[in-house]
Structure formats: structure tokens, C-alpha cells
Amino acid sequence: MMKRRTIVAGALGAPLVLASRGAFAQASGPIRIATAGPMTGQYAAFGGQMRAGAEQAVTDINGAGGVLGRQLALEVGDDACDPRQAVSVANQLAGRRVALVAGHFCSGSSIPARDVYAEEGVLQISPASTNPAYTDQGKWNTFRVCGRDDQQGQVAGNYIARNMQGQRVAILHDNSAYGRGLAEETKKALNAAGVTEALFSAYTPGERDYSAIVSRLQQANIQVVYVGGYHTESGLILRQAKERGMNITLIGGDALVTNEFWQITGAAGEGTLMTFSSDPRKRPTAAQVVQRFRARNVDPEGYVLYTYAAIQVWAAAAARTNGVDPRRIAAALKQNGPWQSVLGDISFTDKGDVTVPDYVFYVWRNGSYAEM
């Protein structure tokens, strides 16, 4: 289903220096940091977003003098959203003594990688992993600059209950840590609002033919389909349902925030809804950085600016602690906020979650998405 190879390379071509575990042995030379996510495979669009954000952050920080007078050197790890591959990547990055991993993308990758990083003394700030278990297990090194599934699912479930009364609802998921978690949280909120779904079912990710699940939707007279999963399968399920003449509304989470969704659905994607934080590209704190991205013909959509922010707050905490010791930076991130970033001011809870998530709804119209 997915290519399984590892890319761990100095993305900016800078000379790299080994350091002792948990703290750098030399007071000079570049500081290694990393981003890790699906650089290949069917979710590579999100890996591309992360890499673009990380590269621009490193370029901007280095151009402003680096961190504590030292330049940053970027490593890129490819986990293809495969948990086993994520562990392999985590071990390789830890072995290369990175001070920070801005990653991973899929919760199913971030959670097992987290344990490697915790043991090896590596700080992890995920731009995108929303499963509550990632931070709920209380590891010292785990942070995220996005929200959580229980927050996102509550927004989605309440919206469906309030705005789609009387319609038959199906909730689907791909059995991943992200997809199932998001579906279950949406179901929980929907049920708490007094609505019972007509169908709750899993599908197998990576397939091209979803006629079996579409048939079940058709037989159950489903009008609203909530999908806990990624844009590839969501888009195929929607397109194949519309090809059968079904008039359904698809609702999904933040994993639909990529222009590739419309490339899969075409006009069938019209009216699709999804939850994501308010558009960071429109925030005053991101204006100058957005201009730099667009000067390079890069649209900082989805998780581009989230990855940028993960590196940005780490660099600020390193400056505050006058060093790159991961445990000292972790403590500073929790105790000394708010931290200025392209996403606005960020503060962290004791678990490493952001204190103010702001999920809103987006809608797909004419090949692009915008806040409702």
C-alpha cells in the first residue's frame, strides 16, 4: 500500500556535527533538528507540507543568526505513516543526535516514535497528530501545536446534531489511531446531543474500489457521511457514491486539508465539510512568512505553518534557556509561555497540548476550501 523506505538526509546541505545524547558536546557548529512524516506513500502531500514548513523555518532562523549563534541543519525522516517505519525513523534520528523532531504527522506514527524519543532524550513537537493518547500518557518530551481529536470530534458531532436534524448519518473510519479516534469522538458528541448514527463501520485504507461500503451506505439511505480518515479514501468513497447517484454530504477532519482532495473527487467534492483550525495563512502573525512562501510559489496550506511554528517555538525556548538541552526546553515550553509564532501566541498545558485550540468548519467550493 505504501512505499517503505527511509529518507534521513541533511535537507539544506549544511555540514552536520554529532552531539552527545540530550545535549550538544560542542558549543559551536550546526544544531541538528528534524521533521518526520509521510514523505512517500499515499499521504505524501502532508509530508510535503511538513517539509516545506521546516525548510522555511530553518532558512529564516539561520538568516536571522541561528539559535544561540549556531546554524540549524535539517534532517528529514520518511515514515510513510507506517508505525513500524516510524520507529525505525525515530531510532535513526535519535542516533543522529537531533535536538528536536517536528513530527510526526499520523498519530499512529507519532505515538510509537514518541517512546523512542523519550528514552533517547529527543524533544518531539507534532504539527499534526491529534489522537489524545499522544500526550495523555504523560511523556516528558511530547508537545503538539495542533488540537486534539476529542476537541475536533466535539465540534463535528455538535454541528451534525444541530444542522442536520432528521438526516440519516453514517460514521466511517479507517481503523488508524487518527481515524478511529476521530470517528469515536465524533460519535460520542453526536450521541450526547441525542442523535444515534444509522451506521458505524470501518473500511480498509489503500484500496481503490469502495463499492462494498458505498452499497451499505445506499442500502441504509444515508444522507450524511462522517469519515474519520485521510483525504485519499474519503475522496474515493465520496466520488463513488456520487457516481451511483447518491446525494450525500461528506464531513471529515483536518486530514482533508489538502488540494489533493479535489484532485481525487473533482466536482463530486462540492460542498464537502471539514474541521480545521482557523486559517493560519490569514493571521497577521503569519503575514511576512506567508509572503516568503508565496514568493517561492508555495501555498502554505494545511500543516505548512504548523511545522514552521513547531520549530519556531523550540528555537525561542532554546534562546530562553540559553541551550539546547531537551528537558530544560520542555520545562520552559510548559512554564514560560505564551510563545510568539506564525500561529499566534502559543501556550502549552502540562501534558504538552495547546491551551487554546480553535476548530472551525471549512467547505469545499469550486476546487478550493475556505472557512464557513
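Predicted model: local features only at pLDDT ≥ 70, side-chain atom pairs only at ≥ 80, totals over all residues.
I take angles under 35 degrees as roughly parallel, over 145 as roughly antiparallel, 65 to 115 as roughly perpendicular and the rest as oblique. I number residues from 1 along each chain as its sequence is written, and side-chain values use heavy atoms, with hydrogens and water left out.

Entry on H10 and H11. I looked up helix H10 (residues 287-295) against helix H11 (residues 304-321) and noted an angle of about 120 degrees with the axes 12 Å apart; axes here are lines fitted to C-alpha atoms, for helices over the stretch in contact, and angles run from 0 to 180 degrees between N-to-C directions. Helices (H or I, at least four residues) and strands (E, at least two) are DSSP runs, numbered from the N terminus. H10 and H11 are therefore oblique to each other. I noted Val 289, Val 290, Arg 292 and Phe 293 of H10 meeting Val 304, Leu 305 and Tyr 308 of H11, where contact means heavy atoms within 4.5 Å. I sorted the residues of this contact into six nonpolar, no polar and one charged, counting Ala, Val, Leu, Ile, Met, Phe, Trp, Tyr, Cys and Pro as nonpolar, Asp, Glu, Lys and Arg as charged, and the others, Gly among them, as polar.

Entry on H11 and H12. For H11 and helix H12 (residues 326-335) I recorded an angle of about 105 degrees and axes 9 Å apart, which makes H11 roughly perpendicular to H12. On the H11 side the contact is made by Val 313, Trp 314, Ala 317, Ala 318 and Thr 321, and on the H12 side by Arg 328, Ile 329, Ala 332 and Leu 333. These residues divide into seven nonpolar, one polar and one charged.

Entry on Gly 153. I found Gly 153 in helix H5 (residues 149-163), and at a relative accessible area of 0% Gly 153 is buried (under 20% relative accessible area, with exposed over 50% and partly exposed in between, for a 1.4 Å probe and protein chains only). Setting aside neighbours within four places in sequence, I listed Leu 182, Glu 185, Thr 186 and Ala 189 as in contact with Gly 153. The C-alpha atoms of Gly 153 and Thr 130 are separated by 10 Å, the two residues being 23 residues apart along the chain.

Entry on Asp 82. I placed Asp 82 in the loop between strand S3 (72-78) and helix H2 (83-95), and Asp 82 counts as buried at 11% relative accessibility. A polar atom of the Asp 82 side chain lies 2.8 Å from the backbone nitrogen of Arg 84.

Note on methods: Polar contact = N/O pair within 3.5 Å; in protein donor to acceptor, adjacent residues only side chain to side chain.
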